Amino acid sequence: MLNVLPNKIGETLGNAELQSAIYTATGRLVSKRKEAIAPLDDYQELRTRANALKKHTLENLDYYLEQAEAHITARGGKVIYARDANDVADFILSVAKERGAKIVVKSKSMTTEEIDLNERLEHHQLEAVETDLGEWILQLAHEKPYHIVAPALHKTRYDVADIFTKRLGVERETVVEKQTLIARGRLREKFLAADIGISGANFVVADSGAVCIVENEGNARLSTSVPKVHIAIAGIEKLIPRAQDLGVFLKLLARSATGQALSVYTSFLSGPRRVDAGEIDGPDEFYLVLLDNGRTRLLADVEKRESLYCIRCGACLNHCPVFRKIGGHSYPWVYSGPIGAIITPQFAGIQHDPWLPFASSLCGACAEVCPVKIDIPHVLLELRREVVEAKGREGTNRWEKLAFRAYAWVMRRPRLYELAGLAARAVAPDPEYGSSGAGWIRKLPGLLNHGPAAAWVSQRDLPPPAPRTFRQMWRDRQGNAHNGPG
Amino acid sequence: MSLRVSLFVTCIVDQLFPKVGLAMADVLERTGCKVDFPEGQTCCGQPAFNSGYRDEARSVACHFLDVFQDCEYIVVPSGSCTSMVSHHIPEIFEPGDPRQKQAQTLAPRIYEFSRFLTEVLNVDDVGARFEHRVTYHDSCHALRELKIKDAPRRLLAKVRGLDLHEMDAAEECCGFGGTFSVKFAGVSGGMARTKIESIERTGADTVVSIDSSCLMQLQGALSRAGSPIRTMHLAEVLASS
Amino acid sequence: MVRDSILHKVRTAIGRSVGQAPAPVPEVYFHQPTMTMDERIARFKGALEVLAGRVTVVASGSAARDMLASLIDGKTSVASNTPFLRECGIADLPGVRSGIVDRAELRDVCATAEFGITGADYALADTGTLVMIASAENPRLVSLLPPVHIAVMPCSRLLTSLDELLTTLPDPARLTSSMVLITGPSRTADIEQILVRGVHGPREIHVVLVDS
C-alpha cells in the first residue's frame, strides 16, 4: 500500500549538514522575497495580470509564435522550431560544423538542462562551457543543478575548492571571493575565444521579435555579445504578447526569485547586430530555437494547462516544506520542487514516478507565492486522480483500492462506522506512558506493526483511541441535560 | 440571538479527541446558540479525495450532503474539513449534476469554528481563562484556502491570563497532509521536528491550532521527543475557565 | 516540416485555425510612481548605493569631466562615442580610447581597459537602473568587459521606473538589437549564498548625473 520511495530522499533526510544548508538557503530566499514584495502596493494585482497574460498568450499561442517569427526574420534573425532534444542538438551541431566552431559558451538555461544539451554537444567534440558560476562548478563536478535559481546550493566552499583543484589544477583555494576570481579569469578566456553563444530566454516578446534574458553575473550578456553567433533556446510557452508586458513580468520575476527589485542585467535582444545602423559589436547571426519537447501535449490539457505559465522564479521551491527537507536532487528530473512535481509527470507520463504527485502535504504555500498564480495543489490533485485511475486499470493498487472502497462503504453507514470505532478500541494497544505524560502509543505490538500504522509510529507517537467517542459522550451530555442538574 | 447550530465534529475528533467537540459545543452554548448533533454524520471524504479516489470521495460526500442538507449553520473544529466541504465537494460533481447544486447551496453554511464565532456571532470574548504561555500554529487549509489568520488570534487575545507568543514558522506546514504523513513518513517527521524547534524557541508550554489533525501530528512528535509541551485545540482553550 | 507540424499541434491543442485572429489581448498594465526631479535623483542614488554602486551629482558637463579625470588618472579607459560624452569632453581625457569602429580592436581594447565609460540612454529612479541602448556610438562591450563601469548622463534622462521607460519606449526593438537594463555591479551568491561582486561583468559601477 505504501509507495516505494527513491533512495535519495532518505539519504538527504539523514544528512544533517545538507539539511541545514537547504533549509537556511531557502529560508534566506523566503525572507528576501517578502522584503522585496512589501513595497508593492499592487502585488496581488500584478499576479492577477500576469496570470491573465499567460492564459491569453497560451490560448492564442500560434498567433504569437508567428508574430515573433515574423519580427525576428524581418530583422535578419532566424527562427527554428524543434520537436525535441535531437532537433535542437542537430541544429546547433550543423551551425557549428558550417562555421568550424570549437567552443560554445552557455548561459544558464533550464530548457537546455531539460534536453541534456551539453552532453549531446560534447559527444560531437564541441566544447560547451557553462558560464553561470554555479552551473560551471556543477559542470566541473559532473552534477545536475540542485535548485532552479541557486544551482550549487548544496556545495560548500570546501567542495568548490576540491572541484577546482581536481579539475582545474589550481592550488587549493577556499576563500569564496578568490574562487570567484578564478572563475572570472578562466571563463573570460572562454568568452573571448568562443565561436557560438547559447542562451535561454526568460521571455520571448512577440511584438518585438525579442528575447528577454534576466541574470546577475553578466555571463549571458557576454555569451550573447562576444561570439559571432547567438543561439537562444526557449520553450514555446515563453511567449508574451508585448514589450510593454515586461512591466508586469519583470516586476514579479526578480522579487519572487531572489528578492531583488530587478536583477543586475536585463537584456532585450532582437536579432543580430544592426550593421546598417552602424552597431559595432554583437552577434552577426541570431537564431531563436523554439522547443516543443512535449509542451504541446500539456497545452492540450485544459485542466492542467496553467502548468505552462511558469516563469521559473523558484519561489515555490523556496516555500515548499517538502523541498526544504528533501532538496533538488530527490526529484527525478531537472525541474524540482512543486513546479517539478506537476510538470514532470505531464512531460514524462505518470507511470514513471507515480509517487511524485503524492510527495506533498498540499499545504498550498507554493500557490500562495507563485507570481503567475498557478494552482499547484489543484494540479497535484488532478495528477493523483490520474495515477489512481491508471493503477486501477493496471490492477496495481488492489489493496489500496479495497481499503478506500471499504472506507467509503463504512462512512456511508453511520452505525457501521460506530461499530468500526468500537472494534478499533478492542485491538488498540495500551499507551506506553512517555515522560511527557501525554499517554500516547510509542510502540505497536507485532501484529499491528504494519503498513500505515507502522509508518506513523516510525516518526512519532500515535494517539490512543479515546475511551468514549464524541457521540457517546454527547449522548450522555444530552441525557444529563434532560435529566436536569444533580 | 439564538442561532441553531449543527455540529460537524469530524471523524478524527469523534474517535480520538472527543473533548474538542464537547468544548466547542460548550462555547457555542455559552454564546447563546442552540446546538445539535446530526447523528448520521461520519466523514467529509477528504482522505479519499486527497489520495486520488474521486469515486469513493464522491460517495462519502453524498452521504455528508444528505445528513447536513437542512442545517442552517454547520460549525466544524477543523479548517481542512471545512474547506473540503466548501471548496472541494462542489468540484467533485459534474456541472449539471443536482448534487453539485446541493453542494454549492450548502457551502456557504459551513463554518470553521473560530470564523463562526468572530464573523457570524461577532464575538471575540467568550469568558475564557487559560493561564499559560501559548503559541499558535496556522493550519494550512485554514490559512490558505479559507484565509483564516486573525480570527483565532482575536479570540486568544481575549482569553484571560493567556500569553501569546508567535513562532517564526507559524505558517509552515506541520507535515501531516493526510496520507502524506504515512506515505512519506520520514519527510513528514522531519517537517514536524522543524516545526517543534520553532515552537520551542517561543518558550510556550502549549501549542494551539484549529485543526486536530495538525495537533495530532505535533503532539505525536512532541511526545516522541519527550517534550513537556502540550497541544490544545482552540475550542478547548476557549472552553477553559 | 517541423515548423508546420509544431504549429499544427499548437492549434489543435488550443482549438484554433490557421490565420484566426487572436482573442482581445488584456490591456497593458502600468503603475507608475510620480516623482519630482529631486525625488528621482534621491531615489536613484539611494537605490544604487544600496547595491554598492556610487552616484555623484554634478552641476555641469565640465564638472563631470573633472571628476572623471581624477578617477581614471594614470589608468587605461575605453569610452563610447555618444554626443553627450563628447560635449563633456570626456572622450579627450588622457588614457581614454574612444571612437573605435573596428570590432576586433574594440573587443581587445575593452578586454584590457581598466575603466569603461559610457553615457546612458535613460535611468530608472526606483530601482537604480541604467538603460543602455546599443548603437554605432554606444557599443555593448564598453559597459561589460572592463572591471569598472562609469556612466555619465544628464538628469533629464532620469525616469521614475521601468513602467515609465516602457511607456516612453514601447518598441525598443525598432531602435536597437540590444537594450540592457543595468542595476548595480555584476554579482553572484552561488557559493554558500555569499555575495561576491564582479563575477563576469564590472565589479564597480559609478554613475555621474549632470544636473544642469
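Student: In this model, at what angle do helix α3 and helix α12 of chain A pack?

Tutor: The model is a predicted one. In it, helix α3 (residues 43–59) and helix α12 (residues 246–257) of chain A pack at an angle of about 120°, and their axes are 9 Å apart.

Student: Why are α3(A) and α12(A) called oblique to each other?

Tutor: Roughly perpendicular covers 65 to 115 degrees, and roughly antiparallel needs an angle over 145. The angle here is about 120°, so α3(A) and α12(A) are oblique to each other. Their crossing is left-handed.

Student: Which residues make the contact?

Tutor: From α3(A) come A:Tyr43, A:Leu46, A:Arg47, A:Arg49, A:Ala50, A:Leu53 and A:Lys54, and from α12(A) come A:Val248, A:Phe249, A:Lys251 and A:Leu252. By class, the contact has seven nonpolar, no polar and four charged residues.

Student: What makes α7(B) and α9(B) roughly perpendicular?

Tutor: These helices pack at an angle of about 75°, with their axes 8 Å apart. Angles of 65 to 115 degrees count as roughly perpendicular, so the term applies to α7(B) and α9(B). The contact joins B:Ser114, B:Arg115, B:Leu117 and B:Thr118 of α7(B) to B:Ala151, B:Pro152, B:Arg154 and B:Leu155 of α9(B). Four of these residues are nonpolar, two are polar and two are charged.

Student: Which residues of α9(B) are buried, and what do they pack against?

Tutor: In helix α9 (residues 150–157) of chain B, the buried residues are B:Ala151, B:Pro152, B:Arg153, B:Leu155 and B:Leu156. They pack against several elements of chain B, among them α7 (113–120), β5 (133–136) and α13 (234–239).

Student: How do you know whether B:His141 is buried or exposed?

Tutor: Its relative accessible area is 14%. Buried means under 20%, so B:His141 is buried. B:His141 lies in helix α8 (residues 140–145) of chain B. Leaving out residues up to four places away in sequence, B:His141 touches A:Leu362, B:Gln46, B:Gly79, B:Ser80, B:Ser83 and B:Leu146.

Student: How many disulfides does the structure hold?

Tutor: Over all chains, zero. A:Cys363, for instance, is in no disulfide, and the nearest cysteine sulfur, that of B:Cys140, is 4.5 Å away. A disulfide needs two cysteine sulfur atoms within 2.5 Å. A:Cys363 has 8% relative accessibility, which is under 20%, so this cysteine counts as buried.

Student: What makes the phi of A:Gln125 worth a remark?

Tutor: Most residues other than glycine have a negative phi. Phi of A:Gln125 is near 60°, which is positive, and the residue is not a glycine. A:Gln125 sits in the loop between α7 (117–123) and β3 (127–130) of chain A. With a relative accessible area of 69%, over the 50% limit, A:Gln125 is exposed.

Student: What is the phi of C:Ala52, and where is this residue found?

Tutor: The phi of C:Ala52 is positive, about 70°, although the residue is not a glycine. C:Ala52 is in the loop between α2 (37–50) and β1 (54–58) of chain C.

Student: Why is C:Ala52 called partly exposed?

Tutor: Its relative accessible area is 34%. A:Gly100 is in the loop between α5 (85–99) and β2 (103–106) of chain A.

Student: How many of the residues of chain A count as buried?

Tutor: Of its 486 residues, 62% count as buried. Chain A has 22 helices and ten strands, and its C-alpha atoms fill a box of roughly 100 × 55 × 50 Å along the principal axes.

Student: How do you know that chains B and C are not in contact?

Tutor: No contact joins chain B and chain C, and their closest C-alpha atoms lie 21 Å apart. Two pairs of chains are in contact, and of these chains A and C share the most contacts.

Terms used: Residues are numbered from 1 along each chain as its sequence is written. Chains are lettered from A and ligands numbered from 1 in the order in which they are written. This is a predicted model: local features need pLDDT of at least 70, side-chain atom pairs count only at pLDDT 80 or more; totals for chains, interfaces and linings use all residues. Side-chain values use heavy atoms; hydrogens and water are left out. Buried means under 20% relative accessible area, exposed over 50%, partly exposed in between (1.4 Å probe, protein chains only). Axes are lines fitted to C-alpha atoms, for helices over the stretch in contact, and angles run from 0 to 180 degrees between N-to-C directions. Helices (H or I, at least four residues) and strands (E, at least two) are DSSP runs, numbered from the N terminus. Angles under 35 degrees count as roughly parallel, over 145 as roughly antiparallel, 65 to 115 as roughly perpendicular and the rest as oblique. A crossing is left-handed if the near helix is turned anticlockwise from the far one by less than a right angle, and right-handed if clockwise. Contact means heavy atoms within 4.5 Å. Ala, Val, Leu, Ile, Met, Phe, Trp, Tyr, Cys and Pro count as nonpolar, Asp, Glu, Lys and Arg as charged, and the others, Gly among them, as polar.
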